[in-house]
Amino acid sequence: MKKDLLINEANRCLNCKKPLCKIHCPISTDIPKIIELYKENKLDEAGKLLFENNPLSLVCSIVCPHENQCMGNCIRGIKGEPINFPEIEKEISGRYLENLTFEIPEKKSHRVAIIGSGPAGITIAFILAQRGYSVTIFEKHEKLGGVLQYGIPEFRLPRTILSLIEKKLLTLGVKIKYNSLIGPVTTIDDLFRDGYESIFIGTGVWNPKPLNIKGETLGHVHYAINYLKSPSSFSLGNNVIVIGAGNVAMDAARVAKRSGSNVTIVYRRGFEHMPATQKEIEEAKEDGVNFILYNSPLEILENGMKFIKTEAYLNENGEKSLREIPGSENIISCDSIIIAVSQSPKNNIVSKTTDIEINRWGLIVTDEVGHTTKKGVFAGGDVVTGAKTVVEAVNKAKKVAESIIEFCEEV
């Protein structure tokens, strides 16, 4: 969006006494203050405010579900269009991050290991490194970003942003070890042996949840979280079915469509029940993705998939529910199937560290500020909460960073 249009957007802001945009931002971005600074052309001051509150402000300006947060709660949106703050934030944060230089702090003796370079890991690395801590990030893949790099398509989040973030971390003295999987060979105890006082686990959720139906192991069946890592490795064919209707499903469908396949999302409910944001759904439609609703998967076949039709109804308690329609089985032909119904954590670390407690979903158990059940080990992000938004991971990571600092200072 051009500068003059953004100024017009900023001028539309009502500067509410009770700013619902800020209240409904998971990280409490001071949106009215940022807009005022923008109008006064104090871009450096605005950028500093955004970055100190949220080191991934630029990323969040692009990938946040704004319709549920700032824009969705803007008073202007009641009778018209909400203020497009994400575009204002994007311009300010992009410019600020590009020009950002750090005053390198005096190095402390404390050494911290961060396992996983997703949103939570990046946030904690920025905070600790700026406080003088020696930080090493262990990343099992070959590039920085975790879900930002391998779960969000390039057309949604340009990889140049992640490269810029990596550059800033390296400038701060953060060491990054790529292709370094902690768990099977190198363990948590090995890290403690080598002088790391504190360890943060932010490994995300990379195990796909299966449908557990017949045919799921066939060669033309794939999981969205694996497909999005390296779409060019897959030969999907002309017709693709995507099962699921969350943002990951939309991303997988759009990537497959842009790769030349005819793509159909099949979902057991209606549009109004889809967990994906309205923006993601509309963009999938604009890309030419087809939708078949009220069909539930039964079995995967060699050349298609068997479904049974479903319908919404009010149960005996007067609540909306869903049921299958007997005798409504049908087959939808396809060349490939992508399953995108959920993810869970891998157990590379906890399987080798028996005193880190996990819950029945495989998520690491922590207290409010990130302490796990093993002394000196902290955790955060999706590996604790399950799949959440980037901004939620950043917000909680800020609290965990302070908890790590408190722990190290007491050692």
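This is a predicted model: local features need pLDDT of at least 70, side-chain atom pairs count only at pLDDT 80 or more; totals for chains, interfaces and linings use all residues.
**Cavities, pocket and salt bridges**

User: What makes a space a cavity, and what makes it a pocket?

Analyst: On a 1 Å grid over the protein atoms alone, a cavity is a set of points where a 1.4 Å probe fits but cannot get out, while a pocket is an open set with protein on both sides within 12 Å along at least five of seven lines; a lining residue has an atom within 4 Å of a point. The search of the whole structure finds four cavities of 30 Å³ or more. The largest cavity holds about 160 Å³ of space, and the closest to its centre of its 18 lining residues are Cys13, Cys21, Cys74, Ile75 and Ile83. Volume here is the space filled by probe spheres set on the points, which are joined across faces, edges and corners.

User: How do the residues of the lining of the largest cavity divide into nonpolar, polar and charged?

Analyst: There are 15 nonpolar, two polar and one charged. Ala, Val, Leu, Ile, Met, Phe, Trp, Tyr, Cys and Pro count as nonpolar, Asp, Glu, Lys and Arg as charged, and the others, Gly among them, as polar. Therefore Cys13 and Ile75, two of those closest to the centre, fall in the nonpolar class.

User: What lines the second largest cavity?

Analyst: The second largest cavity has a volume of about 100 Å³. Its lining has 15 residues, with Cys25, Thr29, Cys64, His66 and Glu89 nearest its centre. The elements giving two or more residues to this lining are α5 (57-63) and α6. Nine of the lining residues are nonpolar, five polar and one charged.

User: Which residues of the lining of the second largest pocket lie nearest its centre?

Analyst: Phe51, Glu52, Phe102, Ile127 and Gln130 do, out of 14 lining residues. Two or more residues each come from α4 (43-53), α7 (119-130) and α15 (390-410). α4 has the largest share, three residues. The lining divides into six nonpolar, two polar and six charged residues, and the space in this pocket is about 320 Å³.

User: Why is the contact of Asp44 with Arg95 called a salt bridge?

Analyst: The closest N and O atoms are 2.9 Å apart. A salt bridge needs a side-chain nitrogen of Lys or Arg within 4 Å of a carboxyl oxygen of Asp or Glu, so the pair qualifies. Asp44 lies in helix α4 and Arg95 in helix α6 (residues 85-99), so the bridge ties together parts 51 residues apart in sequence. The whole structure has 19 salt bridges.

User: Why does Asp44 count as partly exposed?

Analyst: Buried means under 20% relative accessible area, exposed over 50%, and partly exposed in between (1.4 Å probe, protein chains only). Asp44 has 48%, so Asp44 counts as partly exposed. Arg95, with 38%, is also partly exposed.

User: What makes Arg193 exposed?

Analyst: Its relative accessible area is 60%, so Arg193 is exposed. Arg193 forms a salt bridge with Asp194, the closest N and O atoms being 2.9 Å apart. Asp194, at 40%, counts as partly exposed.

User: Why does Arg254 count as buried?

Analyst: Arg254 has 5% relative accessibility, so it counts as buried. Salt bridges that share partners join Arg254, Arg258, Lys279, Glu283 and Asp287 into one network. Within it, the side chains of Arg254 and Glu283 meet at 3.0 Å, N to O. Arg254 lies in helix α12 (residues 247-258) and Glu283 in helix α13 (residues 278-286), so the pair ties together parts that are 29 residues apart in sequence.

User: Why is Val384 called buried?

Analyst: Val384 has a relative accessible area of 18%, so the residue is buried. Val384 is found in helix α14 (residues 382-385). Val384 and Val365 are 19 residues apart in sequence and 6.5 Å apart in space, C-alpha to C-alpha.

Methods. Residues are numbered from 1 along each chain as its sequence is written. Side-chain values use heavy atoms; hydrogens and water are left out. Helices (H or I, at least four residues) and strands (E, at least two) are DSSP runs, numbered from the N terminus.
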